[in-house]
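Let's take a walk through this one together. Have the sequence and the model open side by side as you read.

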Amino acid sequence: RTVYVNGDYVPEREAKISVFDRGFLFADGVYEVTSVLNGKLVDFAGHMRRLRRSLDELQMRMPCSEEELLQIHRKLVEVNAVAEGLVYMQITRGAADRDFTYPESATPTLVLFTQARPVIASPVAERGARVVTVEDLRWGRRDIKTVQLLYPSMAKMIAKGQGVDDAWLVQDGKITEGTSNNTYIVTADGTIVTRDLSHDILPGITRAAVLNCVRELQMKVEERAFSVEEALSAREAFSTSATGFVCPVVEIDGTVLGDGKPGPVARRLRQIYIEESLKSAI
Ligand code: PMP
């Protein structure tokens with residue numbers, strides 16, 4: 001694979017980053033993951049908007065223009081012949097002598113790589129995901145997409161240890177989000193409920209697109225926190241993320257939702273989201 005590091009396209013084995021990079025020492029960096037369908041980028045503009053916001057919150061600057069970032073994404077997709085998969089992009093504050101305060105002048109480190117893999121055909125989406133709830137012990141600024149992902153990794157390992165697909169994180173009895181996705185339930189009267197945006201969750205790009213779609217279809221939707229109890233008695237549940245699209249959830253903490261099969265709302269939204277993404281990808 002060819003990867004991109006600070007201006008150069010190089011074979012992955014030749015890519016080098018300083019041991020003093022603050023991404024490595026402090027997790028002082030942000031990232032974005034954009035999915036690729038038919039060799040095209042899904043909702044690139046949305047990912048750029050969130051990237052700018054993450055950088056602003058950390059007083060970091062864009063390493064180059066948005067147009068240049070688009071060209072780098074496109075070139076990597078092309079040279080690595082990615083028909084379906086994703087582009088991962090990471091920006092760190094750069095290398096500086098180790099100190100907690102931000103360095104006055106450091107050149108941001110920009111790294112991108114691709115992963116070619118099926119994203120539309122998904123065994124988990126077909127059968128529906130099984131999840132367990134795990135206490136949300138992450139920090140208080142989950143709205144910033146930082147590379148500090150150790151707790152989500154731990155939570156995912158807990159889920160794996162219990163033989164299920166993912167963990168839904170819980171704070172004060174209410175679901176915040178999944179380890180790497182936003183979460184939804186459908187109540188008995190058919191209302192889609194998903195947690196409102198705040199410092200507690202990441203503002204998902206897929207979440208925004210799916211909520212737009214839900215409003216266009218005039219489906220009932222509420223943005224509010226929901227409890228574990230409410231989730232266990234939901235008619236159906238699902239999650240959204242850039243690479244998982246809309247993924248049905250059929251079991252929470254061993255409780256089977258509905259008939260244990262992916263629900264109609266999740267299936268419909270998955271189909272519509274994929275169709276729209278195929279149409280609008282650039
Ligand atoms: N929440 C968390 C914690 C995530 O890591 C992700 C995926 N990066 C999401 C939600 C979903 O965001 P998006 O739809 O932009 O992929």
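We'll start with the domains, move to the contact between them, and end at the ligand.

First, keep in mind that this is a predicted model. The chain splits into two pieces: domain 1 covers 2-116, and domain 2 covers 123-280. If you take the centres over C-alpha atoms, domain 1 and domain 2 sit 26 Å apart. Where they meet, domain 1 puts in 21 residues and domain 2 puts in 13.

So much for the overview; now look at the side of domain 1 that touches domain 2. Which elements give two or more residues there? You'll find strand 3 (29-37), helix 2 (44-57) and strand 5 (85-92). Strand 3 is the top contributor to this side, giving eight residues.

Next, head over to the ligand. Its shell is made of 13 residues, and the closest ones are Leu-202, Gly-204, Ile-205, Thr-206 and Ala-242. Which elements each supply at least two residues of that shell? Here it's helix 6 (205-216) and strand 13 (236-241). Helix 6 has the largest share, with three residues. Sorted by class, the shell around the ligand counts seven polar residues, four nonpolar and two charged.

To put the two sites side by side: strand 3 gives the most to the side of domain 1 that touches domain 2, while helix 6 provides the largest share of the shell around the ligand.

Notes. Residues are numbered from 1 along each chain as its sequence is written. This is a predicted model: local features need pLDDT of at least 70, side-chain atom pairs count only at pLDDT 80 or more; totals for chains, interfaces and linings use all residues. Domain bounds come from an automatic or database domain assignment. Two residues are in contact if their C-beta atoms, placed from the backbone, lie within 7 Å. Helices (H or I, at least four residues) and strands (E, at least two) are DSSP runs, numbered from the N terminus. A residue is near a molecule or strand if its C-beta atom, placed from the backbone, lies within 6 Å of it. Ala, Val, Leu, Ile, Met, Phe, Trp, Tyr, Cys and Pro count as nonpolar, Asp, Glu, Lys and Arg as charged, and the others, Gly among them, as polar.
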